[in-house]
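Visitor: I am new to this structure and would like a close look at one part of it. Could you take me slowly through the place where the two chains meet?

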Number of protein chains: 2
Amino acid sequence: MSLIVVGSVALDTIETPHGRVSDALGGSAVHFALAASMLAPVRLVGQIGRDLPERALEPLRRRGVDLRGLQRKDGKTFRWSGRYSSDMNQRETVSVELNVFGQYAPEIPPAFRTSRFVFLANGSPEHQMQVLDQMRGPCFAVVDTMDHWIHSSRPVLAALFKRVQAVVVNDSEARLLSGEEFFLRAAGKILRMGPKYVIVKKGEHGAVMVGKDGTFVIPAFPTGEVRDPTGAGDTFAGGMMGYLARRGRVTSATLRRGIAYGTVLASFNVEDFGVRRVASLTLPRVEARLREFRKMLKF
Amino acid sequence: MSLIVVGSVALDTIETPHGRVSDALGGSAVHFALAASMLAPVRLVGQIGRDLPERALEPLRRRGVDLRGLQRKDGKTFRWSGRYSSDMNQRETVSVELNVFGQYAPEIPPAFRTSRFVFLANGSPEHQMQVLDQMRGPCFAVVDTMDHWIHSSRPVLAALFKRVQAVVVNDSEARLLSGEEFFLRAAGKILRMGPKYVIVKKGEHGAVMVGKDGTFVIPAFPTGEVRDPTGAGDTFAGGMMGYLARRGRVTSATLRRGIAYGTVLASFNVEDFGVRRVASLTLPRVEARLREFRKMLKF
């Protein structure tokens with residue numbers, strides 16, 4: 001079924017103890033789309049500037065991502081630069097240039113408006129709301145957010161949470177949103193804000209989903225190599241939503257399976273810089289790791 | 001099959017944001033024995049002083065723990081006092097009085113020397129070695145240690161690792177032992193020091209076992225209430241070893257199942273102060289939570 005992602009397309013400069021890349025293709029919508037498109041057709045909505053070379057989009061085109069919603073605007077592409085500490089758990093944002101991202105409200109092409117699965121990648125809650133306003137018919141909408149918006153736009157976020165089916169946050173964001181220290185209580189409070197499911201990403205420690213039909217817990221796939229964690233959260237969400245769109249229905253079982261795909265895809269993402277690893281991945285390779293993962297979890 | 005634990009019996013004073021207890025029964029051997037004795041008969045070896053009231057040992061007696069190896073010495077019982085921060089992840093040791101613990105080399109009663117499962121709870125590696133020297137016949141020996149011994153007694157620890165079947169450490173100890181940042185590499189290095197299995201405890205993030213026959217990953221059971229994490233690691237080890245002793249053989253399957261029991265027992269342990277929760281627990285209650293946990297992990 002149809003899956004749309006609205007988010008950032010960026011040029012990332014990333015430094016980790018394992019190396020450095022400059023102006024590499026990145027952004028939430030890109031990481032999401034590269035993962036999701038392994039499982040289902042993906043429609044991408046975002047903005048780029050005049051400076052982003054056409055060939056940089058090749059990885060998305062190769063996966064058949066529908067780029068009719070990717071608008072080239074006058075100005076420069078969103079740029080993000082970050083640096084990771086030696087244990088990869090601390091990330092320092094060196095610089096952010098929003099440029100064309102955030103200047104324009106997202107415009108959903110008419111052909112995309114009936115998408116049945118909608119991922120609102122991290123961005124201004126006002127823009128996320130405008131996306132929902134443009135959608136037609138019932139959809140399974142999932143929203144991601146971050147500390148900045150929780151601090152600056154809580155009322156809009158609260159209104160948004162009443163209109164989406166699921167919220168994806170990391171553990172510190174869950175605490176910030178709820179004021180609760182323990183994630184189970186935090187998740188319970190977020191559920192009471194509206195969504196049916198709360199998915200808490202814990203990075204190298206896995207993920208937890210809490211919903212009206214119970215709790216799902218999954219550890220991260222233990223990869224030996226972490227070279228660059230950038231985009232792992234969006235890759236995770238892409239795997240999850242891609243699987244849901246592939247199956248065409250949302251149940252506790254498809255959500256859990258989707259989160260397992262997301263977990264495995266995220267473990268590939270961190271093994272190399274930017275989108276390199278996921279862009280060159282094949283579905284059989286993902287499914288082989290998923291089988292390996294199942295064996296690791298068996299007791 | 002016979003299971004022995006050698007470790008501390010202590011009077012703990014613990015302060016957390018949820019309350020405080022003074023001079024409560026604690027210590028590694030106690031937490032271990034209370035968990036393990038739910039699954040198999042346990043023999044405990046340790047020292048107490050004249051000050052520990054006989055009635056404080058009631059929880060152990062009620063579980064049928066064999067206390068013939070618990071020696072009452074002239075002097076005072078080991079005392080530990082600690083304080084937890086609001087997120088329970090930071091523990092500050094307020095005071096430690098070793099007293100009789102550490103003054104005497106452990107003496108294993110002759111009747112205990114053929115125990116088939118041996119847990120060397122955290123303590124001086126010299127004393128841990130002396131325990132192994134007193135054992136007769138083949139046994140499955142597991143050793144726990146801590147940063148203090150890794151810093152001060154690395155050569156003895158290295159010799160000890162060649163004589164045990166498994167090592168239980170937390171994630172920071174695994175890094176310290178191996179000099180490796182990522183736990184998979186850390187575990188690989190520790191395996192090369194001798195043991196067949198390395199079990200890395202990650203507290204609220206679960207545990208990982210790495211061995212020659214593969215990797216096992218398990219998240220923590222998500223409990224809503226964490227009132228006092230003291231003893232969770234020993235409770236975890238107690239559940240694991242208790243299950244192994246109950247089954248009477250060590251295979252990848254029994255180890256994994258044992259770690260699952262340990263994980264569930266640890267989740268009970270943290271729900272109340274000291275040994276309160278585990279001391280009053282029944283096996284059906286543990287197994288009900290284990291079934292609940294399996295449902296949470298299913299995908």
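Guide: What follows is a walk along the interface of chain A and chain B. This is a predicted model, in which local features need pLDDT of at least 70 and side-chain atom pairs count only at pLDDT 80 or more, while totals for chains, interfaces and linings use all residues. Residues are numbered from 1 along each chain as its sequence is written, chains are lettered from A and ligands numbered from 1 in the order in which they are written, and side-chain values use heavy atoms, with hydrogens and water left out.

In contact, meaning heavy atoms within 4.5 Å, are 33 residues of chain A and 33 residues of chain B. Because 100% of the interface residues of chain A are also interface residues in chain B, the copies meet through the same surface. The area buried between the chains is about 2800 Å², with 65% given by carbon and sulfur atoms; buried area is the accessible area (1.4 Å probe) that two parts lose on being put together, summed over both. In chain A, F182(A), V217(A) and F299(A) lose the most area to chain B, together 28% of what that side buries. Across this interface the rule finds zero salt bridges, a salt bridge being a side-chain nitrogen of Lys or Arg within 4 Å of a carboxyl oxygen of Asp or Glu.
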